[in-house]
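Open the model in your viewer and keep the selection tool at hand. The stops below go from the whole chain to its open and closed spaces.

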Amino acid sequence: MSRNMKKAQAKVQSAPAAPVLPSHGYIITRPVPGSDIPADYTFVLTRDEIYLPIAVRKPSGSGPFPVITMGRGDGRGGLPHVEAQVARLAAMQDRMIARGYVVAYVNYRNEIPYQYGRTGPARNMEDDISGGDNRTLKSAPTLDSDDLVAIIAYLKTLPYVNANAIGALGVSHGGEMILKASAETTMAAGVVIEGASHEFLGVDTGPRAPRQGDELQYRDIKIARKNADKTKAMKRIRRIRTPILHIGRERDHLQGIFELAHEWMVEAGRDSTWACFDHPDHGYPFIYRRPDGSYRPDRVQQQAFDLFMKFLDKHLQRGNR
């Protein structure tokens with residue numbers, strides 16, 4: 001690192017923190033196909049003061065209600081993508097809402113590959129460059145996981161939300177988002193479904209990583225453990241205060257990574273639970289409408305749904321029942 005870069009970094013670290021604009025959102029309410037419960041399509045302020053789309057649906061009444069966020073991969077498609085996902089998941093969400101939950105389908109910006117491992121927690125800085133403009137500068141790029149933190153902060157401001165009862169449900173990259181966000185903020189509970197947590201655990205995905213064609217091969221936890229950076233991973237895991245349920249999928253090519261996240265959370269003394277099912281579909285606990293519009297989960301999907309809802313009920317419904 002050059003002398004000038006070192007000086008610039010030292011300046012960033014010593015600069016006073018700039019004020020943060022209060023969390024807020026702009027709402028467009030629209031009907032949801034096949035449901036009588038509408039969605040508040042909301043543009044939520046992020047850490048770098050741009051807006052991202054989410055969809056919030058709630059029970060009738062004033063609350064306060066517990067909240068479950070839902071996300072799967074994503075980082076694409078903008079508001080049309082969020083609308084499409086809500087339409088596909090509406091019947092499943094309706095059942096969650098009937099149990100007394102606000103449900104928020106979340107999206108976030110596209111992932112910057114490997115950036116998470118190269119940057120530390122970001123902070124706001126005073127503007128000493130543009131003079132009178134008084135901008136708020138950032139000490140590091142905003143990542144997709146920062147967006148989930150911003151979404152949680154926004155949900156806490158809603159008058160009908162129990163700010164102490166916000167949980168998250170995420171598939172694949174959406175599951176990794178929960179672990180990354182939990183290392184920076186506190187949620188009441190998280191359900192990580194087939195969490196593609198290779199960045200969070202520091203698992204090698206480079207040219208030397210085991211592959212079959214273009215597909216990573218981390219079925220075996222021993223191979224995942226051997227190729228992960230335990231020192232970095234444990235430092236992140238020890239910041240987690242959120243109870244996590246990890247749900248794996250037998251024979252998945254990343255099953256070893258799913259298991260390793262749970263194993264190291266337990267080793268770090270965190271509250272972690274493991275469950276696994278055999279199913280042909282990636283992300284099977286997210287139950288989509290059938291092509292004919294019907295809601296017909298198969299036996300394994302129903303078992304997984306019942307399991308994670310029982311877990312979320314335990315951690316989010318305290319004081320609500």
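Predicted model: local features only at pLDDT ≥ 70, side-chain atom pairs only at ≥ 80, totals over all residues.

Residues are numbered from 1 along each chain as its sequence is written, and side-chain values use heavy atoms, with hydrogens and water left out.

**Whole chain**

Show the chain as a cartoon: nine helices and 13 strands are there (DSSP runs, H or I of at least four residues for helices and E of at least two for strands, numbered from the N terminus). The radius of gyration is 20 Å, close to the 20 Å of the globule rule for 321 residues, so the chain is as compact as a globular protein of that length (taken over C-alpha atoms; the rule is 2.2 Å times the number of residues to the power 0.38). Of the 321 residues, 52% are buried (under 20% relative accessible area, 1.4 Å probe, protein chains only).

**Largest pocket**

Select Gly120, Pro121, Ala122, Asp146 and Glu184, the closest to the centre of the largest pocket among its 29 lining residues. A pocket is an open set of points on a 1 Å grid over the protein atoms alone, with protein on both sides within 12 Å along at least five of seven lines; lining residues have an atom within 4 Å of a point. The space here is about 810 Å³, a volume being that filled by probe spheres set on the points, which are joined across faces, edges and corners. Next select 144-155, helix 3, which gives the most to this lining, with five residues. Helix 7 (230-237) supplies at least two.

**Second largest pocket**

Move to Tyr114, Gly117, Glu199, Gly202 and Val203, the closest to the centre of the second largest pocket, which 13 residues line. Its space is about 220 Å³. Helix 5 (198-201) and helix 7 each supply at least two lining residues.

**Cavity**

Which elements each supply at least two residues of the lining of the largest cavity? Select strand 4 (65-72), strand 8 (161-171) and helix 4 (173-182). A cavity is a set of grid points where a 1.4 Å probe fits but cannot get out, and this one holds about 50 Å³. Its lining includes Thr69, Met70, Leu148 and Met177.

Key
Buried < 20%, exposed > 50% of the residue type's maximum accessible area, 1.4 Å probe, protein only.
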